[in-house]
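Let's take a walk through a protein model together. Have the picture ready and follow along.

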Amino acid sequence: MDTYFKIRYEFDRRGVSEAIAERLRHSGSDYICVADGVILNTANRNPEYLRVVNGGMFSICDSSYVPLYVKWIYGQRREQYCGSEIFRDIVSSRQYRMIFLGAQQSTLDSLKANLEKMNPDVAGMRFVELPFLPVCEFDYPAIARMIEEDGADIVWIALGAPKQEIFMSELKPHLGRGVMIAVGAAFKFFSGVETKRAPEWMVRHHLEFVHRIVQEPRKQLRRCFDILRTLPLLLYREWRASKRQHNP
């Protein structure tokens with residue numbers, strides 16, 4: 001596990017899998033954040049949100065640019081592990097009972113039909129539409145009871161950042177066991193009825209953000225503007241931090 005840009009990342013995919021299995025061997029719940037550029041930007045501007053992001057087990061790196069920044073600044077090789085990939089890996093592994101929270105019911109129905117092709121066990125799992133509420137107004141004890149009655153090991157949550165990360169931090173004290181993972185747009189990607197992920201060649205060349213802008217121009221252009229506005233200072237601070245590590 002490494003800390004870059006104030007966020008605790010686990011880059012190793014095997015390490016992520018082993019940490020989830022270890023957490024599930026014990027009582028108590030925890031959560032994993034999927035940190036893209038939006039979460040990185042928001043967490044570095046909002047100390048309370050940064051505490052939420054770092055209050056779980058760790059974050060996986062959903063941004064293809066963070067590994068580039070780490071290589072430029074530290075000379076270290078790290079790899080992206082995005083939300084749609086951890087979602088695919090865990091669902092297709094057939095290791096865990098899961099519950100899926102968030103999105104509209106039409107999206108959830110299509111998601112379930114598609115996931116059953118990857119994992120037939122999904123047919124007996126629950127897909128629950130959450131009410132459209134401010135994050136402070138959810139009935140967390142009732143949601144926790146529903147999850148525990150279901151017996152789910154993995155709780156997938158798709159409410160969008162920063163809401164889904166705050167939701168997990170609020171639900172954690174009420175949940176007796178399980179690992180929550182906030183996967184943002186993965187429900188849409190795998191449902192096949194809304195936003196689709198960028199082609200592999202765009203992902204490989206760090207152009208996924210262009211694909212997202214084309215699909216959701218208003219939302220994504222606003223996010224990109226916020227990231228670009230704060231990125232130079234973030235990079236400068238991380239560069240200074242790297243120098244302090246080499247010259248304490």
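Where is the place of Phe5? Phe5 sits in the loop between β1 (2-4) and β2 (7-9). Helices here are DSSP runs of H or I with at least four residues, strands are runs of E with at least two, and both are numbered from the N terminus. The phi of Phe5 is near 55 degrees, a positive value in a residue other than glycine. Phe5 is also buried, with a relative accessible area of 3%. Buried means under 20% relative accessible area, exposed means over 50%, and partly exposed is in between (1.4 Å probe, protein chains only).

A quick word on what you're looking at. This is a predicted model, in which local features need pLDDT of at least 70 and side-chain atom pairs count only at pLDDT 80 or more, while totals for chains, interfaces and linings use all residues. Residues are numbered from 1 along each chain as its sequence is written, and side-chain values use heavy atoms, with hydrogens and water left out.

Now zoom out. The chain has 12 helices and eight strands, and of its 248 residues, 48% count as buried. Take the contacts with a separation of 6 or more: residues 24 or more positions apart account for 74% of them. Contact means heavy atoms within 4.5 Å.

Next, let's pick one helix and look at its neighbours. Two packed helices are described by the angle between their axes and the distance between the axes. Axes are lines fitted to C-alpha atoms, for helices over the stretch in contact, and angles run from 0 to 180 degrees between N-to-C directions. Helix α1 (residues 13-24) packs on helix α5 (residues 83-93) at an angle of about 55 degrees, with the axes 12 Å apart. That makes α1 oblique to α5; for the cut-offs, angles under 35 degrees count as roughly parallel, over 145 as roughly antiparallel, 65 to 115 as roughly perpendicular and the rest as oblique.

Who touches whom? On the α1 side you'll find Arg13, Val16 and Ile20, and they meet Glu85, Ile86, Arg88, Asp89 and Ile90 of α5. By class, this contact of α1 with α5 has four nonpolar, no polar and four charged residues. Ala, Val, Leu, Ile, Met, Phe, Trp, Tyr, Cys and Pro count as nonpolar, Asp, Glu, Lys and Arg as charged, and the others, Gly among them, as polar.

α5 has another partner, helix α6 (residues 105-118), which packs at about 60 degrees with the axes 9 Å apart. α5 and α6 are therefore oblique to each other, and their crossing is right-handed. Here Phe87, Arg88, Val91 and Ser92 of α5 make the contact with Leu111, Leu115 and Met118 of α6. The residues of this contact of α5 with α6 divide into five nonpolar, one polar and one charged. Among the buried residues of α5 are Ile86, Phe87, Ile90 and Val91.

The rings of Phe87 and Phe100 have centres 6.1 Å apart and planes at 85 degrees, so the pair is edge-to-face. Rings of Phe, Tyr and Trp (its six-membered ring) pair if their centres lie within 6.5 Å; planes under 30 degrees apart count as stacked, over 60 as edge-to-face and the rest as tilted. Phe87 is at 0% relative accessibility and counts as buried, and Phe100 is buried too, with a relative accessible area of 0%. Ring pairs also tie Phe87 and Phe100 into a cluster with Phe127, Trp156, Phe187 and Phe190.

One last stop, at a pair of loops. Ala103, in the loop between β5 and α6, has a positive phi near 70 degrees and is partly exposed, at 27% relative accessibility. In the loop between β7 (154-158) and α8 (163-171) you'll find Pro162, which is joined to Ala161 by a cis peptide bond with omega about 5 degrees.

Methods
A crossing is left-handed if the near helix is turned anticlockwise from the far one by less than a right angle, and right-handed if clockwise.
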